[in-house]
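Please keep the sequence and the structure in view while reading.

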Amino acid sequence: QVPLKPGRSLMDWIRLTKSGKDLTGLKGRLIEVTEDELAKHNKKEDCWICIRGFVYNVTPYMEYHPGGEDELMKAAGTDGTDLFDQVHRWVNYESMLKECLVGRMAVKPIAAPKEISSTLSEEKKQLNGILPEKKVVGASFKDLTPSYDWFQTDSLITLVIYTKQKDMNAELVIVDCEDKRLRGEIIVGDHSYLVEVDLDHAVQEDMAVHIAEKVGKVEIILKKKDNVHWKMLGQPLESHNTFIKRTDRGLFYRKCKLVSKTEVTHDTKLLCLMLPKSTHLHVPTGQHVYLKQIIAGTEVVKPYTPVLPFLPLDFKEPLSHDGAHIYLMIKIYSCGLFTQALDHLQIGDYISVSNPEGNFKKSQVQTLEDLFLLAAGTGFTPMVKLLNFALTEVSCLRKVKLIFFNKTEDDILWRNQLEQLALKDERFDVQFILSQPTKDWVGKQGKISSSLLSEFVKRSRKDSKVLICICGPTPFTEQGVQYLKDLGYSQEEIHAFTA
Ligand code: FAD
Ligand code: NAD
């Protein structure tokens with residue numbers, strides 16, 4: 001992120017798009033754009049970018065881009081799909097840039113291989129400027145592709161997915177059934193398998209998901225609304241029975257009900273969202289979800305990291321959570337676009353919540369002896385489940401240390417709970433460091449620095465297996481990673497939480 005000039009916030013951009021101003025220079029006309037034409041618009045004062053086959057004139061957006069003009073210029077006059085997906089595929093550009101739409105890329109037929117056919121079939125056409133669709137082929141891959149089957153009794157429909165994975169668990173299965181639309185997604189490494197059908201008949205709201213973890217069989221059990229015989233499971237939808245890279249699958253959202261909102265500090269709240277009865281979703285440790293709201297007619301999406309309702313003090317048993325609720329600890333910024341809108345939600349209102357994302361893997365923690373958590377402000381959120389997981393399930397763990405950076409004492413999230421946990425569990429230790437303390441503060445002061453890190457991040461024994469997790473404002477995280485590397489920690493020993 002770069003500092004934006006005054007008057008260039010997202011809200012200012014939304015206002016500009018609603019002003020009726022001609023942002024493309026084409027007076028509302030949509031045109032077909034050739035690759036040559038696209039390439040001509042490669043300057044800051046005249047910049048077109050293609051995303052998924054649609055061309056946008058992003059010249060008026062330059063000064064509003066949170067990542068800065070130079071980042072946007074990297075894709076000037078070209079297909080920016082890959083770059084966009086790498087940086088923020090969750091941003092709803094269709095909605096944000098709808099007034100900048102110039103048109104579609106022109107279709108360019110490519111020569112068909114002679115030995116197969118001389119006539120051009122639909123599949124052999126390549127959309128000019130669109131990245132070729134990533135199709136997965138190959139015999140060994142096919143063997144790994146999950147498959148499904150279904151059967152029925154008078155009252156039930158059971159969909160069985162054979163994942164061909166031996167270590168299936170609830171976090172890898174995401175099911176939604178709304179009206180007659182059933183969507184079941186299975187995560188297999190960095191791939192996703194999807195069953196997506198418009199069911200033959202209506203089903204009841206409650207649904208059950210059974211997972212046979214060792215054999216990798218997932219059963220989704222639906223209750224028929226009427227006891228009629230189904231001729232088929234339903235009509236396949238567009239992405240039905242596909243097995244593709246997770247990052248190529250669009251984000252799916254379901255509406256969740258806000259059931260409670262409690263104060264954590266003067267500006268931070270704990271929101272409890274209830275998933276629909278017909279959703280099965282567990283957000284894994286270290287992952288985030290996206291929330292989506294329509295603000296002034298534009299879809300706005302922001303990431304948030306689910307936490308636990310509180311910090312459990314007894315780590316003998318894994319915390320049994322019902323899976324029906326998602327807890328979010330969110331700081332409300334006085335001039336924040338999204339958090340102001342969130343703060344205006346009333347109990348009983350609905351908000352769209354996406355599938356989980358993130359590149360943290362529990363296996364990074366499983367064999368650890370020392371875990372250091374460097375958190376700044378709401379960068380504390382991914383540490384909550386991580387702390388719980390490490391103290392509950394990592395038997396070789398000797399020490400967990402949270403180094404928590406805040407501006408003032410009043411900003412410290414869950415201070416009491418953290419102090420109690422430190423008293424209760426000798427493996428856990430917490431250190432608060434304030435950047436803007438009052439004169440009464442007797443604890444540590446300052447911002448992240450090499451000397452602070454060398455003082456607090458120390459292995460419990462020489463060569464112990466260590467992981468240092470870091471999360472907070474981007475400069476905090478970037479500086480922290482650099483200091484840690486300078487102190488001799490390797491890339492594998494550092495995990496930075498980012499979008
Ligand atoms: P914005 O309108 O974006 O602005 C927020 C504040 O920052 C304002 O004071 C604004 O003036 C300032 N600001 C914004 N952009 C700039 C800029 N470019 N330069 C200088 N100042 C700027 N937040 C949580 O509270 N809890 C979480 O669990 C959480 N999880 C996250 C997980 C991930 C992976 C990431 C990337 C972020 C997470 N965040 C979390 C932050 C969250 O996504 C939002 O960024 C945050 O809620 C602010 O949104 P907003 O629209 O209200 O604020
Ligand atoms: P804040 O402004 O209250 O600052 C908290 C502390 O961060 C400060 O006391 C200081 O020690 C440090 N800090 C702030 N700016 C710094 C800078 N420029 N250089 C070095 N250190 C700095 O923090 P906040 O408002 O709670 O913001 C939390 C941030 O964490 C947000 O940017 C949010 O997007 C990010 N976050 C990221 C994730 C993720 O997974 N990537 C999750 C949650 C929060």
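## Contacts of ligand 2

How far is an oxygen atom of ligand 2 from a polar backbone atom of lysine 407? The distance is 3.2 Å. The model is a predicted one, and the distances in this report are computed from it. A backbone N or O atom of asparagine 406 is 3.0 Å from an oxygen atom of ligand 2. With tyrosine 333 the side chain takes part: one of its N or O atoms is 2.7 Å from an oxygen atom of the ligand. Taken alone, ligand 2 exposes 870 Å², and 76% of that is buried by the protein.

## The shell around ligand 2

The shell around ligand 2 holds 21 residues, and the closest are Lys331, Tyr333, Thr378, Asn406 and Ser435. By type, 8 residues of the shell are nonpolar, 10 are polar and 3 are charged.

Helix α11 (474-486) and strand β26 (399-406) each give at least two residues to this shell. The largest share, 3 residues, comes from α11. Residues of the shell come from both domain 3 (253-357) and domain 4 (362-496), so ligand 2 lies between these domains.

## Salt bridges

Side chains of opposite charge can pair when their charged atoms come close. In the whole structure, 25 salt bridges are found. One of them joins glutamate 63 to arginine 8, with the closest N and O atoms 2.6 Å apart. Glutamate 63 sits in the loop between β4 (54-57) and α3 (69-73), while arginine 8 sits in the segment before α1 (10-18), so the pair ties together parts that are 55 residues apart in sequence. Glutamate 63 is partly exposed, at 27% relative accessible area, and arginine 8 is partly exposed as well, at 24%. Lys5 joins Arg8 and Glu63 in a network of salt bridges.

## Two further pairs

Glutamate 369 and arginine 398 form another salt bridge, with 3.2 Å between the closest N and O atoms. Glutamate 369 is in the loop between β24 (350-354) and β25 (370-376), and arginine 398 is in the loop between α8 (381-393) and β26, so this pair ties together parts that are 29 residues apart in sequence. Glutamate 369 counts as buried because its relative accessibility is 13%, which is under the 20% limit. Arginine 398 is partly exposed, with a relative accessible area of 44%.

Note on methods: Residues numbered from 1 in each chain as written. Chains lettered and ligands numbered in written order. Predicted model: local features only at pLDDT ≥ 70, side-chain atom pairs only at ≥ 80, totals over all residues. Heavy atoms only, no water. Near = heavy atom within 4 Å. Polar contact = N/O pair within 3.5 Å; in protein donor to acceptor, adjacent residues only side chain to side chain. Areas by Shrake-Rupley, 256 points an atom, 1.4 Å probe, with all protein chains shown as cover. Helix = DSSP H or I, 4+ residues; strand = E, 2+ residues; numbered from the N terminus. Nonpolar A, V, L, I, M, F, W, Y, C, P; charged D, E, K, R; others polar. Domains from an automatic or database assignment. Salt bridge = Lys/Arg side-chain N within 4 Å of Asp/Glu carboxyl O. Buried < 20%, exposed > 50% of the residue type's maximum accessible area, 1.4 Å probe, protein only.
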